[in-house]
Amino acid sequence: MRITVNGKLRELICDPLQPLLYLLREELDVTGPKAGCQQGSCGTCTVLVDGEPRRSCLLPSVLADGTEVTTIEGLGDAARLDTLQAAFHHYYGAQCGFCTPGMIMAAHALLERNPSPTRSEIQTALGGHICRCTGYVKILDAIEAVVRGETFDESDRTPHPDPAEHEVAMKGAPA
Ligand code: FES
Ligand code: FES
């Protein structure tokens, strides 16, 4: 199959029924989408397929053939966060961070189709995205700040992780 992931064309042979989540994480080493419930109920695995948010744990890879897939890695990276990522950082919208890639991809898709959503519309767009840490208020505050056009300085754009923090590099691990 041929699939464009974060702007890069990838060609590979794979099980057509394998969920896109596993194709991304285990075959393409794109580990931003997280393996949470793996039943379509938590939103951690959300990616954009041709611009639409999809739960990659439920999407057979064959249905992504010929599409453009965007994951959190396609927005910004640790060296330079994009605006939504900086807003989550500034407003403490990410704590453990496990839900964050899915939240941000859903929010990104919302703002692409509606740059001025109400708080209620943001809540609807994030429906079914589960966060065990933040209580959701900070996530909504972060997205509303982007809607207001708030800008973020370098300390939010380029946060410096603790160098002593271990990187999780196990294939198939949920982190
Ligand atoms: S891992 Fe896909 S919705 Fe939970
Ligand atoms: S920040 Fe921990 S699950 Fe949302």
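I looked up the domains first: the assignment for the protein chain gives domain 1 (2-74) and domain 2 (83-157), with bounds from an automatic or database domain assignment. The model is predicted, and local features need pLDDT of at least 70, side-chain atom pairs count only at pLDDT 80 or more, and totals for chains, interfaces and linings use all residues. Residues are numbered from 1 along each chain as its sequence is written, while chains are lettered from A and ligands numbered from 1 in the order in which they are written.

I took the domain centres over C-alpha atoms and found 21 Å between them. The contact takes 14 residues from domain 1 and twelve residues from domain 2; two residues are in contact if their C-beta atoms, placed from the backbone, lie within 7 Å. On the domain 1 side, β3 (46-49) and β4 (52-55) each supply at least two residues. β3 gives the largest share, three residues.

I turned to helix α5 (residues 137-148) next. Helices (H or I, at least four residues) and strands (E, at least two) are DSSP runs, numbered from the N terminus. I found I139, A142, I143, A145 and V146 buried in α5. They lie on the same side of α5, because they cover an arc of only 150° around the axis, taken from the directions from the helix axis to the C-beta atoms. On the other side, V137 and R148 are exposed. Buried means 20 or more other C-beta atoms within 10 Å of a residue's own, exposed 12 or fewer, and partly exposed in between, with C-beta atoms placed from the backbone.

I noted that the cover over the buried residues of α5 includes α2 (83-90), α3 (100-113) and α4 (119-125).
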